[in-house]
Amino acid sequence: MTSGPAGDLAAIVTRLRAAGCVFAEDEARLLAATAPSPADLADMVDRRVNGFPLEHVLGWAEFCGLRIAVSDGIFVPRRRSEFLVRQAAAIAAAVAAADAPAPAGPPGEPGPGRRRPVIVDLCCGSGAIGVAVAAAVDHAELYASDIEPAAVACARQNVASVGGHVYQGDLYDPLPASLRGRVDVLVVNAPYVPTSEIVFLPPEARLHEPAVALDGGIDGVDVHRRVAAEATGWLALDGRLLIETSARQAIKTAAAMTTSGLVPAITNDDDLGATVVIGSRGASPGTLPPAGAAATTR
Ligand SMILES: C[S@@+](CC[C@H](N)C(=O)[O-])C[C@H]1O[C@@H](n2cnc3c(N)ncnc32)[C@H](O)[C@@H]1O
């Protein structure tokens with residue numbers, strides 16, 4: 001083995017490649033740049049070689065250009081969810097602009113007449129989605145919740161960057177009642193893998209992410225039905241519910257919204273392999289783009 005940093009890096013690449021890491025060079029560079037000491041680097045490489053997800057080993061994931069803390073046992077934010085963020089951010093931006101014109105206020109403050117969009121990220125995991133939406137829109141109010149204590153602790157770390165609040169509990173249960181009827185953007189990436197298909201997930205997900213983050217029940221849409229059932233009580237009159245789902249399950253996710261009194265629109269991004277169903281209340285006054293209008297639907 002060549003000695004020195006370059007030789008060490010080459011040796012790491014070789015080990016990672018032998019363990020099946022397709023992007024061994026990139027991973028080796030990230031591990032070396034993140035490890036606080038050579039001993040830590042050795043531990044990190046061992047964990048990666050033993051199958052831990054790269055993001056758990058690094059302690060962070062890149063998502064929407066942000067560095068999101070991801071601790072062990074937490075769902076790793078997926079790249080396809082950037083489509084959900086784009087859709088939600090477009091709606092939040094429309095809310096912020098809806099009450100314009102807004103004469104310039106002091107720097108850092110919304111102008112008079114501008115509304116701060118209220119964003120709720122249900123089943124927030126690390127909080128990546130809510131943080132990315134809030135970061136894309138000036139002056140949003142962000143509230144997030146998750147049932148898992150470890151996810152809540154991780155989300156609190158991430159949400160601090162945009163000044164949001166994180167609650168622990170089942171879906172809407174822990175949210176402040178004062179949010180009822182005020183939510184502009186209800187953004188949800190809940191578990192949606194059918195129970196019988198968990199076994200087919202890659203080991204990094206199956207072994208290192210908790211079942212509660214993956215298992216969506218018999219047809220994968222159980223949590224979507226529960227989210228949709230209560231959504232109208234929380235949404236503002238022109239608020240939107242956005243749920244990430246799969247192309248195959250989208251019809252069922254949309255049906256759950258219809259049953260709950262929402263008007264659904266199915267949107268897709270082929271490049272990311274992402275599907276989002278956007279539900280609006282029928283009584284929308286029309287200040288926002290119609291549900292799905294913000295989508296790059298292909
Ligand atoms: C697929 S992960 C997504 C996490 C995050 N939204 C993201 O995209 O990175 C689903 C999350 O839903 C949470 N969850 C599952 N059932 C829940 C429930 N009944 N109430 C609140 N959170 C729940 C899990 O703990 C997990 O963090």
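The paragraphs below take the ligand site and then the helix pair.

This is a predicted model, in which local features need pLDDT of at least 70 and side-chain atom pairs count only at pLDDT 80 or more, while totals for chains, interfaces and linings use all residues. Residues are numbered from 1 along each chain as its sequence is written, and side-chain values use heavy atoms, with hydrogens and water left out.

The ligand is surrounded by 18 residues (a heavy atom within 4 Å of it). C123, D146, D170, L171 and N189 are the closest. Polar contacts are pairs of N or O atoms within 3.5 Å. A polar side-chain atom of D170 is 2.7 Å from a ligand nitrogen atom. Backbone atoms also take part: a polar one of C123 lies 2.8 Å from a nitrogen atom of the ligand, and an N or O of L171 lies 2.9 Å from a nitrogen atom of the ligand. Of the 590 Å² that the ligand exposes when taken alone, the protein buries 96% (Shrake-Rupley method, 1.4 Å probe).

Helices α2 (residues 24-34) and α3 (residues 38-49) pack at about 145°, their axes 9 Å apart. Helices here are DSSP runs (H or I, at least four residues) numbered from the N terminus; axes are lines fitted to C-alpha atoms over the stretch in contact, and angles run from 0 to 180 degrees between N-to-C directions. In α2, E27, L31, A32 and T34 meet L41, M44, V45 and R48 of α3 (heavy atoms within 4.5 Å).

Technical notes. Helix = DSSP H or I, 4+ residues; strand = E, 2+ residues; numbered from the N terminus. Polar contact = N/O pair within 3.5 Å; in protein donor to acceptor, adjacent residues only side chain to side chain.
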